[in-house]
Each structure stands twice: as C-alpha cells, then as structure tokens.
Amino acid sequence: MTTIRPIKTKKRSPVSQRANSIAPSGIRKFFDLLASMEGVISLGVGEPDYATPWRMREAAIYSLEQGRTMYTSNLGTPELRQELSRHLEHRYGLKYDPATELLITVGVSEALDLAMRATIDPGDQVIMPAPCYVAYPASVSLSAGEPIMIPTVEAANFEIDAADIEAAITPRTRAILSGYPANPTGAVMPREKLEAVAEVARKHDLLVMSDEIYARLVYGIEHTCFAALPGMQERTVLLGGFSKAYAMTGWRIGYAAGPKEIIAAMTKIHQYTIMCAPTMAQVAALEALRGGEESVLEMVADYNRRRKLIVKGLRDIGFSCFEPKGAFYAFPSVKVTGLTSNEFVEKVLLEEKVLILPGSLFGQQGEGFVRICYAYSLPHIEEALRRLASFVQRHHK
Ligand SMILES: Cc1ncc(COP(=O)(O)O)c(C=O)c1O
C-alpha cells in the first residue's frame with residue numbers, strides 16, 4: 001500500500017506581517033523587572049501621582065447611581081462635545097462643530113490610531129520629530145504607512161526644524177505628526193518655529209496630526225495650539241485628552257478635533273471597533289471641563305516645583321540637563337558615565353533601585369539620554385536624586 005505524504009509547505013506565521021512589523025514597547029521589560037524587585041523608587045511611568053480630583057470621581061459615581069450605564073452616541077455624549085467645543089474656543093479661539101468636528105475617544109491613544117487609519121494609505125510617509133512618544137511610529141506602521149523620523153537635538157532644545165521637515169518631504173509624504181509639549185524630552189515649540197512648520201505643511205499640502213495631550217502642562221511659556229495657527233485648522237487633526245492635566249489616566253478619555261471629512265472617517269472606524277468611550281468616564285470628563293480648572297492649576301504649580309528640583313538636582317550631580325518647559329519629564333544626558341542609556345538604566349535599577357527609562361526607547365535619537373518622570377512627590381524625587389548621585393560617583397568615566 002502506498003502512503004500519500006503531504007507536501008511540505010512553509011508554515012505560515014499565525015501573526016500578520018503588519019503586527020510582526022512593529023516591536024513591542026520596550027517599556028514593558030523595565031516594569032517586569034520592577035515588579036520582581038523590592039524597595040524600588042520608580043520615576044518611570046509617565047502619569048500623575050495624584051488620584052483624579054474628587055469632583056470628577058463623584059460625578060461618575062453619581063451617574064452610576066443613576067443607572068447611566070448604557071452606550072452613548074458613537075461620537076460621545078452631546079454635553080461633553082458641546083463643553084469641549086466651548087473649551088477649545090475659550091482656550092484657542094477655535095470653533096469646532098460638536099455635531100461633526102469632534103469625536104470622543106478612548107484616550108489620545110485611540111484618537112492617534114484612528115487619525116492614522118483614517119488618513120494613511122499603504123506606503124504613505126508620515127514625518128515626525130524624534131525622539132518621540134513610542135506609539136507614534138507604531139501607529140503609522142500599523143496603518144501600513146512609513147514613519148520618517150527627523151532627529152531633534154539638545155543643542156536646539158529638541159525643537160523640530162521646519163527646514164529639516166521640508167528636506168525630508170517626498171512625493172509619498174502625507175502628514176506631519178508632532179507632539180509638543182513633548183514626551184520624552186519635555187520640549188515646547190515656540191510659536192514662531194511652529195509657524196514655520198505650518199508654512200511647510202501649507203506649501204506641500206500636508207495633513208498635520210498634533211498630539212497636544214500635555215498642552216496644559218507648560219511652565220513659564222505659552223502653549224501654541226497647532227490648529228490655531230493661520231490656515232491650519234482645515235488641515236490639522238488636534239488630538240487631546242484628559243489623562244495628564246486632570247490626572248485621569250485610568251478613565252481612558254481623549255478626543256480628536258478636526259475637519260469633518262476626517263472626523264467622519266475616524267468615526268466609522270471607531271464605531272466598528274470601540275462603539276463609544278466609556279459612559280461614566282465621559283461624565284467625569286465633562287465635570288473636568290466644567291469644574292476642574294482649579295485642580296489643574298494646583299497640579300501644574302506642583303509639577304513646576306518638582307521640575308525645578310529635578311533639573312537642579314541632576315545638574316548638581318553632573319549631568320547636562322536641558323530645561324524642560326512642558327509635560328513632566330526631564331531628559332538628561334548620561335554620556336558622562338560612558339554607559340549607553342540602556343546600560344545606565346539597568347545598572348541604576350540593579351545597584352540603586354531607581355527606575356527610569358532609557359532615551360533609546362523613544363528612537364535611536366534618544367541614545368545617550370534617559371527619561372525621568374517627575375510627576376512624583378518631592379521626597380520621592382529627593383531620594384531618587386540621592387541614589388543617582390551615589391551611582392554617578394562610582395561610575396563617572
Ligand atoms: C505624548 C503622548 N500622547 C499620548 C499618550 C496616551 O494618552 P492617553 O492616556 O490619552 O491614551 C501619552 C501617554 O503617555 C503620551 O505621552
């Protein structure tokens with residue numbers, strides 16, 4: 001009897017090429033290490049150490065008591081969109097129609113993904129400053145686009161230069177993705193430099209995705225909203241959220257504001273994948289816009305005190321540390337130790353039990369730097385600085 005042997009074919013990966021094309025966020029590894037150690041001081045996670053102010057929590061609790069537990073409109077509740085529209089007009093003089101130009105999302109994370117998926121065709125290029133937030137290149141790759149990183153440097157305050165953007169433009173360039181105030185550098189773009197970027201966008205007919213999640217966290221400098229620059233509202237998708245300024249990371253509320261054609265396309269994807277942002281969290285976000293201002297100002301004043309402490313402390317230890325004007329990160333150079341950013345972070349964690357993140361996680365342009373989040377209490381920061389000082393004494397090259 002003859003046996004029929006199956007023809008051997010190469011086994012196909014169970015994972016799509018697109019998912020395979022992106023690397024997992026390198027941050028995980030450090031949090032796994034952290035979980036296995038005791039007595040570690042973490043300045044790693046980029047989130048406020050405050051609980052959400054009580055009035056937002058209370059509004060959400062009350063909504064649950066009232067049984068407000070159903071889906072909302074795909075776009076988000078009309079009250080929240082109206083309030084958000086008023087808020088954007090009040091802050092930036094921008095008018096957005098709450099019925100067609102605003103979409104409430106599950107954090108800026110979702111808004112970013114939707115903005116990419118709604119505008120990028122395979123092979124389109126998206127230009128972004130680097131080092132940058134880890135989700136930026138991934139969101140472009142997941143839309144089958146190509147992220148094009150433009151290095152920003154400490155000597156130029158990690159600001160993106162319009163001429164560098166223009167030099168990187170090709171026939172495939174579709175958009176600029178910019179995030180200022182910036183994670184991981186804490187850089188804020190001065191208005192004139194943003195105007196120059198706007199000029200390039202206009203000249204080359206590019207879309208702009210502007211992640212302004214840290215808009216409220218600026219110190220001694222004004223935040224310029226990209227969409228509010230002349231002629232930019234019609235080509236900009238403004239991404240904003242509640243996580244950072246209102247200490248609401250776990251609630252998962254963000255939004256996109258933009259031209260109605262793009263918002264409609266984003267809403268189609270959102271309605272099939274998410275349906276709507278969590279109802280009780282939308283209630284809390286509404287309360288944040290209506291009554292959260294005082295808390296924002298208090299937290300910002302506190303972050304500013306912490307910012308000054310950490311920058312001075314790092315400089316006293318001997319690091320060169322660019323002065324961050326926004327967000328809640330310091331981004332010192334660790335080149336004095338002769339270690340790579342990864343080696344530095346691993347050694348500091350194992351020898352001194354302080355968790356910070358290597359700059360290289362945010363793109364190769366971040367090599368030689370580390371990201372230190374200062375949204376932690378002053379005693380916590382002081383202790384971390386003491387430990388860093390003792391580390392540098394041993395490792396100065
Ligand atoms: C620059 C930047 N954009 C977006 C996000 C994600 O924010 P959300 O919590 O609104 O999804 C973060 C979170 O760290 C961030 O740093």
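The model is predicted, so local features need pLDDT of at least 70 and side-chain atom pairs count only at pLDDT 80 or more, while totals for chains, interfaces and linings use all residues. Residues are numbered from 1 along each chain as its sequence is written, and side-chain values use heavy atoms, with hydrogens and water left out.

User: How many salt bridges does the structure hold?
Analyst: To count, a side-chain nitrogen of Lys or Arg has to sit within 4 Å of a carboxyl oxygen of Asp or Glu. Some of the bridges share partners, and that joins Asp49, Asp302, Arg305 and Arg306 into one network. The total number of salt bridges is 24.

User: Which residue does arginine 117 meet in a salt bridge?
Analyst: Look about one helical turn away, because the two partners are 4 residues apart in helix 5 (residues 107-119). Helices here are DSSP runs of H or I with at least four residues, strands are E runs of at least two, and both are numbered from the N terminus. The N to O distance is 2.9 Å, and the partner is aspartate 113.

User: Is arginine 216 buried or exposed?
Analyst: Buried means under 20% relative accessible area, exposed over 50%, and partly exposed in between (1.4 Å probe, protein chains only). Glutamate 293, its salt-bridge partner at 2.7 Å, is partly exposed at 33%. Arginine 216 has a relative accessible area of 13%, so the call is buried.

User: How many residues apart in sequence are glutamate 352 and arginine 394?
Analyst: Their side chains meet in a salt bridge at 3.0 Å, N to O. Glutamate 352 counts as buried at 12% relative accessibility, whereas arginine 394 is partly exposed at 46%. The bridge ties helix 12 (residues 341-352) to helix 13 (residues 378-395), and the separation is 42 residues.

User: What is the count of disulfides?
Analyst: A disulfide is a covalent bond between the sulfur atoms of two cysteines; the cut-off used here is a pair of sulfurs within 2.5 Å. For cysteine 132 the closest cysteine sulfur, in cysteine 373, is 18 Å away, which is too far for a bond. Cysteine 225 has its closest cysteine sulfur in cysteine 132, at 20 Å, again too far. The disulfide count is 0.

User: Which side chain has a polar atom 2.5 Å from an oxygen atom of the ligand?
Analyst: A polar contact is a pair of N or O atoms within 3.5 Å, and the residues surrounding the ligand include Tyr133, Asn183 and Asp211. Lysine 244 puts a polar side-chain atom 2.6 Å from a ligand oxygen, and for arginine 252 the distance is 2.7 Å. The one at 2.5 Å is serine 109.

User: How much of the ligand's exposed area does the protein bury?
Analyst: Areas come from the Shrake-Rupley method with a 1.4 Å probe. Lysine 244 is one of the residues with a polar side-chain atom by a ligand oxygen, at 2.6 Å. Taken alone the ligand exposes 400 Å², and the buried share is 92%.

Terms used:
Near = heavy atom within 4 Å. Polar contact = N/O pair within 3.5 Å; in protein donor to acceptor, adjacent residues only side chain to side chain.
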